[in-house]
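Colleague: Hi! Could you walk me through this one?

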Amino acid sequence: MRVVLPAGLVVAFVAIVVAAVFEDSRATAPSPSASPVPGDDAAAGPRIGDHWHAAYEIFICGEMQPAIDSFEAVAGSPGTHSDGIMHQHPFSPAGEGQGSNLQNFFKVGGGKLDGDEIQIPGHSETYKNGDECPDGTEGVVQVFVNGKRLTDYEGYIPQDGDRIEIVFGPEREVIRRALTDRPARLY
Ligand SMILES: [Zn+2]
């Protein structure tokens, strides 16, 4: 004896199974905008959909340098718009977390920031620890974030609202007052 199922019943059954599997995958798949997991590298950095801003100033031997010309990583972050602000608005995972760290900001812009060397994006000169400034003083690469000096600065991920001062020159302790007073969240 043959049992012939009505075609409509088969279609309905398949649709129910597909819907159930789809619902299940939606419930378990991690959302890209999920809350940062403590200890996760990306937790300290911007995620897709974020738009963070950090004001920066660069000083070479006491002279403030012009804002870096516009550039933007393929991943959307890091970048800048000639405005003295580091912009972080990743739209793919490469720009999230450590993808937007300070060293990568310089690298993506065509410059360099190592533990002992700096090249400003768009400039050809490189300044290394121990190089002399025109006045004969010995220069050192220094990074200050919100008034505090950072030692391991290459992997630092600029946080939304940060004020970052990058210096090549004689060792010093104090951040410039003008930068600490400047609003970082301009755009
Ligand atoms: Zn922006």
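Modeller: Happy to; we'll start with a sheet and then look at some loops. This is a predicted model: local features need pLDDT of at least 70, side-chain atom pairs count only at pLDDT 80 or more, and totals for chains, interfaces and linings use all residues. Residues are numbered from 1 along each chain as its sequence is written.

Colleague: Great. In what order do the three strands of the open sheet come?

Modeller: The order is β6-β7-β8, with antiparallel pairing. Strands (E, at least two residues) are DSSP runs numbered from the N terminus, and two of them pair if DSSP finds at least two bridges between them.

Colleague: Which are the edge strands?

Modeller: β6 (112-113) and β8 (127-128), since each pairs on one side only.

Colleague: And how many bridges join β6 to β7?

Modeller: Two, with β7 covering residues 117-119. Leu113 has Ile118 in β7 as its bridge partner.

Colleague: New topic: where is the cis peptide bond?

Modeller: Between Ser77 and Pro78, with omega about 0°. Pro78 sits in the loop between β3 (71-72) and β4 (79-80).

Colleague: What about Cys61: what is its phi?

Modeller: Near 50°, which is positive in a residue other than glycine. Cys61 is in the loop between β1 (52-60) and β2 (63-64).

Colleague: Is Cys61 buried, exposed or partly exposed, and how many C-beta atoms lie within 10 Å?

Modeller: Cys61 has 16 other C-beta atoms within 10 Å, so it is partly exposed. With C-beta atoms placed from the backbone, 20 or more others within 10 Å means buried, 12 or fewer means exposed, and in between is partly exposed.

Technical notes. Helix = DSSP H or I, 4+ residues; strand = E, 2+ residues; numbered from the N terminus.
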